Every structure is written in structure tokens, then in C-alpha cells.
Amino acid sequence: MKKFSEQASQDLFQKGLITENQFNEIQTYKSLQIFSLNAELKLFLYLSVILFTSGIGILIYDNIDTIGHIAILSLLLIVITVCFFYCFKHSKGFEKEETKFEHPVIEYLVLAGNILTCIFIGYLQFQYKPFGEHYGLATLVPTIVSFFCAYYFDNKSVLTIAITGLAAYVGLSVTPQTLLGNNDFYASQSLSYSAVILGVLLILWTIYSRKISLKTHFGLIFLTFALHIISIAAISNLLNYDIFIAMIFAVVLGASTYYFYKASYDYKAMSLYVFVIIYAYVGGNILVFRIFENIDFSELFTLIILGLPIYFVGSIILFIKLIKNFHKEIAI
Amino acid sequence: MILFNKQLLDNEALNDEADKLYKGGFIGKKQKKIIEKELPVLKSQHNILVRLGFFLLGSFLYSSICGTISLLGLSGENVFFEICCYLFAVVGFVGAELLAKQNYHNHGLDDAFILGALLNLGIAVGITTDGYEIVIALFLAAGSMFMFLRYLYLWAMLVFCLAVSALLFFGMFEFGQIGKAILPFVTMIFAAVFYFFTKEKIKRLKVIYYYNGLLLANSFCLILFYFSCNYLIVRELSVELLGTDVKPGSDIPFAYFFYAFTLIVPLIYLTQALKTKDRIMLWISFLAITLSIYTIRFYYSVLPIEVALTFGGIILFGIAYFSIKNLKEKESGLTFRPDRINHSDALLNAEALIVASAFGMKPEVKPETSPMEFGGGGFSGGGSEGNF
């Protein structure tokens, strides 16, 4: 690759597309022969946190009756204290903008400390029931801790934990695998409404944060969660046998598509845009089937099959246009 | 043999370089725009999500075309079932050709047609030969090589590598017991020979077009080499294929060789990767090390899983911490500083997603109302498949 990369910059220079100064700068940089292990080592830190916390979690789960409770709790508390001690020591304090630790390791200590805190509170609740029968509170406290950590130390991973905690408090499971896999409880009516409300609240919080310019780079994460929660809840309910409820959620889906379509241009976020149009396309198709479900098509069956390729060609042309348009808009 | 306009392909390489330079901060945004305007390229999608979306749409289109053909052919004789997959494969080849003529390359649509054509080719040959593996592998290898050479399609190279390996395996099975017994060694030699062959080819390469495909084949050989004599795989396969039962206290023949191989090869990969600054080899070595640890744990689990996880986490943390400490201040060569030209932080962006999957909180109380039956479930995604 080196050979071809050198060739390419040489060609760019010869075509007059980069200046001689730039070309020389590039040559000097390349002669340093940098081989960066940045991503790899960060990934190691990350994996180590995941391994360690999973190990601790299983350890507690398996030995919940044999080792003394006080022993486990105090051991956890010590590790948590050590983690947060280093975090606070190296942190520059709360800032509204995006901040970074000088030492990359600290970021992962925040994550470890936070996950362990959640385990600690969960264990405490399981054993001593400080929150009594208020299971919601036992979810809410770790959520608040996570939100605090996420905002104070500026940590996106912790923020996602906090959002899943918030959803769990409402009664939803929004981890990626449940969103994609079996989310059968969206079929329960009240949960669908709370999902939509939660999504709207997340959007409102994003708009407010943007206004007071508080950690604006978190916006995309909030919006991503909001988009998926609202859209999946709405699409599941489009299949509701009560046509009235289905229509309500069709309106919800339409509104969310409109908002997120605008928002994805605003944030220049392809990851939002793609899912917006996919959800809209799926929702639209289901809606068409709902509208025509009572009409007998058996006579026209052949015609429909023959027409499908044309329909898909049309969809493809539409999508190509949409994507092209998006690329053009965000390039400005 | 390449269908695409060479000028456009050259521009593609230059544009990629310009993109890297822009991300590294060597050139400005305006300059990059000028370069993009000056050098027109093929229609491709760099965003993986968009490409996946178009791949899905392309698959829908492909299967709907096949559905139409089936509908017309269904009224015919039984013969249709024997030739239908050939017809579908032809549809795939024609579609790939048409898309490539329109300058679609790595766009998602062409992925659907090329992979669909190969899949149908495999099924068609399978039906004709009653599932004779060697012939299927042979046809697949030929088909995928054609796809790679003509459309420069990278994944076709992967299909080719897999098909050739399958050809080797099933060819060895033809020799009966002896063939099965010496399979690991033959595979090892095969992988080694092709590794050096592709490496030499890459060195001699004058133009960039085939570079990525050769690199893929090269990496595939590295992986195949490690797998060929990994203790876990050899032992499980020998139980499976030869029917030998490994009793406690006994071991498979040449066990020490396989143990040594399992332990030494990942380390050789690691040191070689760091020495030659080869990132792909580095990643393969990480995976190989993981698999080696798993191999040992599979037969000798000294520690219970939770203790192993906890200590593994601590050790990994230590390794990463001290490596960072040592490499942090270095300005050249091996370093912790992010490279301005070759970013590899796509993985780090997925971090938050992994955390949410692994540690996301779930509601403690399940909703009491049972999920109600919903009526129109059968309509979901109706008509997206061509088979009925």
C-alpha cells in the first residue's frame, strides 16, 4: 500500500491539485513511518473493563450466598472508590463543552467505576432492600449516577448506559439486541405510549441542551435513541388490529419522520438519515397493506407479482435520489 | 478484463488519497472539493449503512425478478425446477453487467446481484450434480474469479478463497482415510505456499486495481495457516472425520506438534506484524491469540470462568496501560499517537453501542399484560420475497 499511496500523492502533485509545500509536508510526515497503536490499545483498555466487570458480576451472582455480603460489598466499594478517586483527581471539573482527559486510561476508569456502581446498587437492593419494594427507585438511582458521570466526565459510553436505565425506569428495554429482536412488549398499548413519550422527552432535552449549548455533542446519541424507540414502537403498532390505533401511530410515525428528516440534515448525520428513510419506507408499505387489506386481490395476484420488479426499481431510484440530495446538502 | 474505465479507477485511488490527506489535515476542505470536481469517479457508497440499505433493496429487486420468471415458468413442465436456478444466475450476471456498465461499483446494488448470481450458480450446479461438493466448489471458484477480475469485486475474492479451500478439503476426502489423516499438513503447506505466492504478486503489482483482492487472499492464507494446525480444530475434526475417540490419558497423534503450533504461531504473527508494521496481520494475531487461549481453556480449564474473566481483565488492563505509558511520547515508528493519515478508529465509534448491548439496564418488572394477539401480522413485509 505504501508504494501506491506515495504514487497517489505524487500524481496529485503533478496534476497541480496540491501545492509543493503540501507535498513536501506530506513526504516528511510519511518518512516518519508512523505505526499507531492508538485504536488497538484503547480497544484493549475497553475490553479489559468489560472483562473485569463481567467477571465481577458473575462472581457475585454465583456466590451470592457463600461469601459474606459485607465482604463483597466492601470489596466493590474499595474498587469503586479507587476508580473514582483517580477520575476526580485527573478531571478538570465540569465543563459545558466537549472535554478530554489528558491520560486516555481515565476515560475507561470512569466506565469501570460506573458499571461497578450499578452492580453495587443492584446487589445492595437484592440483599438489604434499602429501597423496599420500590423497584423503580433501584433503577432510577444508578441512572442518575450514570447521568452525572456522563455529564461530569464527558463519557459517551456511560451516557448510553444512563439512557437505557432511564428507559428501564419507564418499563422499556432499549438495549440494541432487544430493539432489533423480540420486542413483543411493544404490543402492550400503554408501553407504546410511554415509549413515544420517552422519545419526545429525549428530543426536547436535546433541543434544550442545544439552546444552552450544554454538551451539544451528546445530541446525536439522544436523537439516535429517540428515533429508534419512537419508530419501532410506531411500526409495531401499525399492525394493531384496531384500525383507529394503527392510524394514530401512523400519524406519530409521520411526525417523527418529518422531525428526524430535518434533524439529520441539521446534524449532518448519515446514521440518522438512513434509518429515517428505512423506517418511513417500511411504515409506508405496511400502511398501504393495511388500507387495502379488506379488498380481495386474488384476481390481480399475477399482476402484482409482475409489477413488483417495477415497484422496486422505482424505490431504488427514489433512494438514490434521496441519498444524492443528502450528500449534496451536507457538503456545503 | 476489467470492465470499468481505467481513468475512473485511477481517479478513485487519487480521491481516496485526497480524502486521507484531508482527514489528516494536510489539505483544506475547499481544496478537497476541487479535487473531487476535477477527478470524477465511479458511483460507490462509502457509508456502510447506505450500502447495506442498497444491498437489501437490490436483493428485493433480484428476488422479485426471479419471482416473475418463476411465475411464467411455473405453468411449464417439471424441467423448470431443474433449470430455474441457472436462469436466476443468468439474471444475476446480466444485472451485474448492466450495473457495472452504469459505473456502479461497491454501491450495494451490485453487491446484491453479484453475490446473488454466485449463490444461484452454486445451487444450480448442486441440483444438477446431486450435491457433489467438488464440482460445486469448482464452478463457484471459476464464477467468483470471473466476478473479481471483471468487476473488481472484493467479496468475490473471499468467495473464491473459500471455494478453493473447499475444493482442497473435498479433494483430500476422495483419498479416503489417508487423505483425511494428512489433511492438516496439506492445508498448512497449501496456505504457506499461497501466502508467499500472493505476497510476491503484491510486490510485483504495477497498478492498484487488483491490490485489495490480493491483500484479502494474502490475509486469508494467514488465517487458514493458523487454523490448519490449531489443536482444537485438528482434534475436533479428527473425531468428526476419522471417528477416532480420544480417551482420557491418550491424545491425538503428533499432539505435541499441534500444541506447539497453537502457541507459537500467534506469537510469530504478532512479532512479525509489529516488525513489518502490518496492521492486518496484527489483528489476525490478536484473534489467533484469543483462539489459542480458548483452545487451552477448552481442554484444561484450571480457573472458573468468572475468575478467569476478572484476572484476564486485570492483565489486559496492565498490558494496555504499560504499552501506552511506553509509547505515549514517541514521535515516529511504533507509537500511541493517532496517525494523521491512516485512521483506524471506526471500531472506537462502536464502543458506545457495545456498552449499551452488554450493560444496558432492563426493566425489573415485566409488563403484566400479556402481549396481545395482533391481527395483521401476516402482512409485514409482504411480497418482499420471490418464493411462494
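The legends below describe close-up views of a predicted model.

**View 1. Domains of chain A.** Chain A is split into domain 1, residues 2-31, and domain 2, residues 38-155 + 164-170. Between the C-alpha centres of domain 1 of chain A and domain 2 of chain A the distance is 47 Å.

**View 2. Crossing of α9(B) and α10(B).** Helix α9 of chain B covers residues 183-204 and helix α10 of chain B covers residues 211-228. Their axes come within 8 Å and cross at roughly 155°. Angles over 145 degrees count as roughly antiparallel, and α9(B) and α10(B) are therefore roughly antiparallel to each other. The crossing of α9(B) past α10(B) is left-handed.

**View 3. Residues in the contact of α9(B) with α10(B).** From α9(B), the contact includes Pro184(B), Met188(B), Ala191(B), Phe194(B), Tyr195(B), Lys199(B) and Ile202(B). From α10(B), the residues in contact include Tyr211(B), Leu214(B), Leu215(B), Asn218(B), Cys221(B), Leu222(B), Phe225(B) and Ser228(B). Sorted by class, the contact holds 15 nonpolar, four polar and two charged residues.

**View 4. Residues 364-388 of chain B.** Over residues 364-388 of chain B, pLDDT stays under 50. For this stretch the model has 38 contacts beyond four places in sequence. Where pLDDT is low, the predicted coordinates should not be read in detail. Chain B has an average pLDDT of 81, and 87% of the residues score at least 70. For the complex, the predictor gives an ipTM of 0.81 and a pTM of 0.82.

Note on methods. Residues numbered from 1 in each chain as written. Chains lettered and ligands numbered in written order. Predicted model: local features only at pLDDT ≥ 70, side-chain atom pairs only at ≥ 80, totals over all residues. Domains from an automatic or database assignment. Axes fitted to C-alpha atoms, helices over the stretch in contact; angles between N-to-C directions. Helix = DSSP H or I, 4+ residues; strand = E, 2+ residues; numbered from the N terminus. Parallel < 35°, antiparallel > 145°, perpendicular 65-115°, else oblique. Left-handed = near helix turned anticlockwise from the far one by under 90°. Contact = placed C-beta atoms within 7 Å. Nonpolar A, V, L, I, M, F, W, Y, C, P; charged D, E, K, R; others polar. pLDDT = per-residue confidence, 0-100.
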